[in-house]
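Keep the model open while you read. The text goes from one element to the next, and each stop can be checked on screen.

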Amino acid sequence: MPQRLGIVDLGSNTARLVVFVFEPGRWFRIEDQIREPVRLAEGFASTGRLSDEAIERSVSALHLFADYASATGLGTLQVVGTSALRDASNRHQLLDRIAALDLELRVLSGEEEARFGVRSVANSLAVEEGWVMDLGGGSVQISRMESRDFVHGASYPLGMVRLTERFLPDSRPRKRQVAELEAWVAEQLKSVLKKAKKKPGPWIAMGGTVRNLARWAQKRDNYPLSLLHHYPLKAKDLEEITERLLDSSETQRRSIPGIRADRGDVILAGALVYRHIARKLDLDHFLISGQGMREGAFYQYFFPPPHRVHDVRRFHRKNRRRQYPTIPEHNKWVGYLAQQLFDQLQPLHGLGGDELDLLLAAAEFHDAGVAVDFYHHHRHGRYLLGARPLYGWDHREQALIMQLVRYHEKGTPKLSPFEAVFRKGDLDLLRKLAACLRLSELLERSRAQRVRALRAQIQQQEVTLELEAETEPVVEIQESKKMAAELFEQAFERRLRFRVVPPSTDSPETGAEAPLDTGDS
């Protein structure tokens with residue numbers, strides 16, 4: 001029976017309620033969210049206290065969340081407090097008000113907050129090690145991740161609200177103010193950046209600040225994917241947007257494309273922190289994580305200790321596919337045949353495990369568009385896959401999977417409209433994989449698993465596919481000739497022939513589960 005859980009991230013700049021629906025360890029999805037700017041850290045830099053206004057804004061937001069939970073039967077909300085709540089000398093004033101709202105509150109230490117960030121990365125990116133950075137309104141957490149586990153991490157008083165109030169009080173900052181901020185950032189981060197030079201690795205950044213900066217870069221470039229997770233924010237783009245923010249007034253910053261208006265007055269400070277790190281470590285880019293502390297908090301309820309999925313791609317492929325009304329047996333058999341085709345044609349394509357992974361993911365999702373409508377489901381499927389990140393795949397890989405779904409049924413595969421994320425040679429790759437996927441789909445055209453296995457006899461001018469079947473699969477062969485032969489011949493420069501042979505003794509029985517691990521365990 002699915003469960004529902006509401007987690008509130010009471011941050012120093014923003015409070016956000018996220019509602020998860022899930023079956024522990026099996027699947028989850030986000031059902032709803034409400035975001036309220038609260039500026040809890042406002043005034044903290046000079047007084048070390050929460051202002052009365054900030055407390056009232058926070059209580060108002062939490063009352064709104066509690067009312068939502070009551071109206072929707074969500075139950076008790078899990079509230080996670082961060083920098084401003086753990087550092088303020090008068091935090092008891094807000095804690096007492098929260099206690100009256102029937103909310104479960106946990107104020108994280110700096111290390112706990114850093115751990116939650118690593119946990120979200122470990123469960124959403126296929127990255128084994130690196131540095132995880134989460135910059136918010138009151139602080140920044142920087143952690144070392146190795147073997148997808150937290151090694152060490154700490155919190156530093158370098159949040160964008162705190163830095164803005166202390167160093168950048170003017171609408172258009174002065175050079176002296178910027179220099180003082182940068183000197184303070186350098187002093188605070190000196191030790192951890194020294195460690196980072198000895199243990200290099202990708203820098204994975206999360207939080208609203210870096211997402212806004214990345215969104216600006218995407219809008220400037222007319223980036224073809226509406227995705228931030230796994231987007232590489234290049235250091236040169238970070239330099240450009242930071243200079244633009246420096247040259248703009250607060251009002252002008254609020255209207256820059258990609259920058260949320262309620263961050264326009266404080267985002268410059270965050271950009272300067274990121275720029276300092278990029279310069280000191282000579283980074284090429286920051287890798288954006290679309291997940292953050294909220295998801296890190298959720299995973300402790302979803303996965304048993306150590307709260308980490310074994311295989312990021314496999315789990316999220318399964319999790320995503322369960323949300324579409326497709327036929328599991330058909331998907332499995334298409335994947336089974338696709339893998340056999342891929343293996344049998346290896347002498348012609350010379351591809352490896354990474355490319356097979358793309359093909360199997362596309363087989364998993366090829367009929368996802370039926371959730372919208374059967375007609376044009378190949379187009380609907382591409383749209384659905386592009387609406388959210390495929391956790392574990394980068395943008396190029398996700399775009400390839402999307403294009404495979406788009407062309408699994410008909411049409412000549414093209415790279416458009418995603419040329420900007422592809423590499424040289426990807427058109428040839430796309431056509432070879434699309435030929436395998438389309439042919440596998442058509443050899444399962446009756447959805448009765450009549451073709452139990454296949455072998456390829458490769459000759460100079462043609463490829464003969466030996467199809468193991470009890471009786472001649474007429475519809476499968478005819479549809480393959482009509483819909484897949486031309487693409488196959490274009491991709492592999494061989495004519496396509498078919499021959500039906502009796503099933504071998506090791507072929508799976510008709511109706512049996514395909515002997516292929518598609519991630520359903």
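What follows is a walk through a predicted model, taking a sheet, its helices, some aromatic contacts and a loop in turn.

Start with the sheet. Five strands build it, in the order β3-β2-β1-β4-β5. The sheet is open and its pairing is mixed. β3 (27-37) and β5 (104-107) are the edge strands. Each has a single partner strand, so one side of each lacks a neighbour in the sheet. From one strand to the next, the twist averages 20°.

Now take the pairings. β1 (residues 3-10) and β2 (residues 14-23) run antiparallel and are joined by eight bridges. Across this pair, L10 faces A15 in β2. With β4, β1 pairs in the parallel sense, over four bridges. There L10 stands opposite G81 in β4. β4 and β5 also pair in the parallel sense, again through four bridges. In that pair, Q78 is opposite E104 in β5.

Are the faces of β4 covered or open? Both are covered. Q78 and V80 lie on one side, V79 and G81 on the other, and all are buried.

Which elements pack on this sheet? Helix α2 (residues 52-72) does, and it touches β1, β2, β3 and β4 (78-81). Its direction makes about 145° with that of β3. Helix α4 (residues 91-99) lies across β1 and β5. It runs at about 155° to β5.

Stay with α2. Its 21 residues, at 1.5 Å a residue, should span 30 Å. The end C-alpha atoms of α2 are 30 Å apart, which agrees. The buried residues of α2 include A54, I55, V59, L62, F65 and Y68. What do the buried residues of α2 pack against? Their partners are β1, β2, β3, β4 and α4. Just after α2 comes G73, with a positive phi of about 70°.

Turn to the aromatic rings. The whole structure holds 21 aromatic pairs. One of them joins W203 and F286. The ring centres are 6.5 Å apart and the planes stand at 90°, so the pair is edge-to-face. It links distant parts of the chain: W203 belongs to strand β9 (residues 203-206) and F286 to strand β11 (residues 285-288), 83 residues apart. W203 is buried, at 2% relative accessible area. F286 is buried as well, at 1%.

Elsewhere, ring pairs gather F20, F22, F28, F298, Y299, F302, F303 and F315 into a cluster. Rings also meet charges. R166 has its charged end over the ring of W184, 4.2 Å from the ring's centre. R406 lies over the face of Y407, with 4.4 Å to the ring centre.

Last, a loop. H310 sits between α12 (293-302) and α13 (312-321). Is H310 buried or exposed? Its relative accessibility is 78%, so H310 counts as exposed. H310 and N123 are 187 residues apart in sequence. In space, their C-alpha atoms are 8.6 Å apart.

Notes:
Residues are numbered from 1 along each chain as its sequence is written. This is a predicted model: local features need pLDDT of at least 70, side-chain atom pairs count only at pLDDT 80 or more; totals for chains, interfaces and linings use all residues. Side-chain values use heavy atoms; hydrogens and water are left out. Two strands pair if DSSP finds at least two bridges between them. Helices (H or I, at least four residues) and strands (E, at least two) are DSSP runs, numbered from the N terminus. Axes are lines fitted to C-alpha atoms, for helices over the stretch in contact, and angles run from 0 to 180 degrees between N-to-C directions. Contact means heavy atoms within 4.5 Å. Rings of Phe, Tyr and Trp (its six-membered ring) pair if their centres lie within 6.5 Å; planes under 30 degrees apart count as stacked, over 60 as edge-to-face and the rest as tilted. Buried means under 20% relative accessible area, exposed over 50%, partly exposed in between (1.4 Å probe, protein chains only). A charge sits over a ring if NZ of Lys or CZ of Arg is within 6 Å of the ring centre and within 35 degrees of the ring normal. The expected span of a helix is 1.5 Å times one less than its number of residues.
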